[in-house]
Amino acid sequence: MTTMLGLDLTGRRVLVVGGGPVAARRVQALVADGARVVVVAPALCEPLRDAHRWGQLEWRAREVLEGDLDDVWLVHTATGDCWCDDEVARWAAERRVFCVHAARAAGGSARTPATTSLGDVLVGVVSTGTPDPGRTTVVRDALAEKVRDVLADHLREGRVDVRARRRGGQGRVVLVGGGPGDVGLLTLAGRRALAEADVVVTDRLGPVEVLDELAADVEVVDVGKTPGNHPVPQHEIGRILVEHAQRGRVVVRLKGGDPFVYGRGGEEVLACREAGVPVTVVPGVSSALAAPAAAGIPLTHRGTVGALHVMNGHDGWSDAALVGLRDASCTVVVLMGVAALGELAAGALAAGVAPTTPAALVERATTPTQRVTRATLATLEATALAEGVRAPAVLVLGEVAAPGLLEPRVADGRDAADLTDRTMAW
């Protein structure tokens with residue numbers, strides 16, 4: 001059996017017996033590892049002569065003697081003369097010094113693994129039975145390719161903690177749009193930003209489960225707001241971001257949806273820039289788009305509607321939204337409108353929007369507890385109260401919210417059961 005170890009040869013004497021190309025390859029690796037290399041050979045090949053001229057090795061220009069093994073930590077013998085190499089291996093065994101036998105691996109007490117470097121990680125493959133350098137090289141190459149692919153995937157997907165361990169200089173802030181709630185809808189760029197974060201300033205919305213994937217020493221600051229309850233005012237959130245960044249930290253501001261779609265991301269960017277703190281934005285999947293899609297509601301649909309208007313329920317109706325609803329030319333998506341459903345419905349009806357205008361409320365979109373409640377504009381408030389609709393929820397108004405819009409059509413008197421190949425499930 002063979003035990004594979006990592007040896008620190010820095011500053012330690014290593015004897016290489018032989019002056020040919022095989023010895024040169026061994027010397028090159030040993031010099032790179034910081035070993036004090038002694039080469040014993042009557043003559044040297046050109047690469048070894050260059051290394052000697054550059055002061056990378058000590059050369060004893062003669063045949064090897066038993067005394068050459070005194071005070072060495074490791075021996076590589078590669079003379080090309082099997083009898084000589086066997087003799088060197090015997091001397092090494094008597095001195096309890098590990099020896100690599102280049103011509104006959106089983107004749108030595110150590111084996112050179114086939115290695116590959118991945119950053120500052122050295123991966124090695126070695127035979128445990130009969131030495132087979134060709135096989136270990138093939139395995140090494142296949143393993144290196146696989147490890148590189150897996151490592152690249154982990155880095156790309158933000159599954160590796162890549163925070164800087166040495167502090168210094170100015171920090172920075174990254175605003176990350178976390179999407180509507182499903183961790184799978186957090187972008188790869190967002191995950192990579194979290195993998196670099198020293199501090200995460202988070203809301204109550206978005207993919208909060210991703211916080212469980214952070215390293216234990218990542219500081220998490222919860223500034224979450226609920227309807228009518230803002231424990232951390234916006235100016236204080238800006239101060240928190242700036243203060244941590246000025247301490248040299250990488251700060252991620254994790255927000256639900258997209259930072260620039262009713263996320264007050266613009267205010268946070270301004271706070272950072274006014275303080276001279278570098279700030280970038282990673283876009284997110286806005287719930288204005290994701291919630292209807294998760295509920296099977298197309299925001300635009302050929303032959304039905306081709307325009308979209310997104311609004312904040314707190315601000316009430318705009319003229320453009322009311323015009324679009326009145327002539328059925330526009331889908332209106334209302335964010336943060338649950339508390340104002342009665343006022344919104346009454347205002348739209350008073351403005352002449354048809355009472356039969358389809359409406360849909362999507363609660364907790366993309367999460368396992370997602371629920372869709374259908375109504376019309378006239379019945380919207382009563383239905384929401386009866387069903388106990390709660391924030392967070394997205395309101396969709398317009399013809400695209402009509403039940404059955406995406407159901408297959410029945411033509412020529414055929415029964416819908418005959419259209420199984422066109423069945424759609426939402």
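This section describes the sheets, packing, cores and local backbone features of the structure above. The model is predicted: local features require pLDDT of at least 70 and side-chain atom pairs count only at pLDDT 80 or more, while totals for chains, interfaces and linings use all residues. Residues are numbered from 1 along each chain as its sequence is written, and side-chain values use heavy atoms, with hydrogens and water left out.

Helices (H or I, at least four residues) and strands (E, at least two) are DSSP runs, numbered from the N terminus. Two strands pair if DSSP finds at least two bridges between them. An open sheet of 5 strands runs in the order β3-β2-β1-β4-β5, and its pairing is parallel. From one strand to the next, the twist averages 20 degrees. Angles are taken from 0 to 180 degrees between N-to-C directions, and axes are lines fitted to C-alpha atoms, for helices over the stretch in contact. Helix α3 (residues 82-94) packs on this sheet. It touches β1 (13-17), β4 (74-77) and β5, and its direction makes about 165 degrees with that of β5. Contact here means heavy atoms within 4.5 Å.

Strand β2 (residues 36-40) pairs with β3 in the parallel sense over 4 bridges. Within β3, glutamate 58 is the bridge partner of valine 38. A right-handed β-α-β unit is made by β2, helix α2 (residues 46-53) and β3. A crossover is right-handed if the path from the first strand over the helix to the second runs clockwise, with the strands pointing away from the viewer.

A further open sheet has 5 strands in the order β13-β14-β17-β15-β16, with mixed pairing. Strands β13 (308-312) and β16 (371-376) form its edges, each pairing on one side only. Neighbouring strands are turned by 20 degrees against each other on average, direction ignored. Strand β15 (residues 358-363) pairs with β16 in the antiparallel sense over 6 bridges. Proline 358 stands opposite threonine 376 in β16. Helix α11 (residues 380-387) lies across β15, β16 and β17 (393-397). Its direction is at about 150 degrees to β16.

Nonpolar cores were examined next. A nonpolar core is a set of buried Ala, Val, Leu, Ile, Met, Phe, Trp, Tyr and Cys residues joined through side-chain atoms within 4.5 Å. Buried means under 20% relative accessible area, exposed over 50%, and partly exposed in between (1.4 Å probe, protein chains only). The largest core holds 23 residues; Met311, Trp317, Val332, Leu361, Leu380, Leu395 and Leu397 touch the most other members. Two or more residues each come from α9 (319-326), β14 (331-335), α10 (341-350), β15, α11 and β17. Helix α10 gives the largest share, 4 residues. Valine 332 touches His309, Met311, Trp317, Ala321, Leu325, Leu395, Val396 and Leu397, residues up to four places away in sequence not being counted. Another core, of 18 residues, lies apart; Leu9, Ala23, Ala35 and Leu57 are among its members. In soluble globular proteins, nonpolar side chains tend to be buried together.

Helix α5 (residues 188-195) has Gly190, Arg191, Ala193, Leu194 and Ala195 as its buried residues. These pack against β8 (172-177), β9 (199-202), β11 (250-255) and β12 (279-282).

Glutamate 268 lies in helix α7 (residues 265-274). It counts as buried because its relative accessibility is 1%. Its side chain makes a polar contact with the side chain of lysine 255 (3.1 Å). A polar contact is a pair of N or O atoms within 3.5 Å; within protein, one must be able to donate a hydrogen and the other to accept it, and residues adjacent in sequence count only if both atoms are side-chain atoms. Beyond its neighbours within four places in sequence, glutamate 268 is in contact with Leu175, Gln234, Ile237, Leu241, Arg253 and Lys255.

Glycine 248 sits in the loop between α6 (234-246) and β11. Glycine 248 is buried, at 13% relative accessible area. Arginine 172 is 76 residues away in sequence but 7.5 Å away in space, C-alpha to C-alpha.

Most residues other than glycine have a negative phi, and most peptide bonds are trans. Aspartate 71 has a positive phi of about 65 degrees. It lies in the loop between β3 and β4 and is exposed, at 68% relative accessibility. Arginine 96 has a positive phi of about 55 degrees. This residue lies in the loop between α3 and β5 and is exposed, with a relative accessible area of 78%. A cis peptide bond joins alanine 391 and proline 392, with omega about 5 degrees. Proline 392 is in the loop between α11 and β17.
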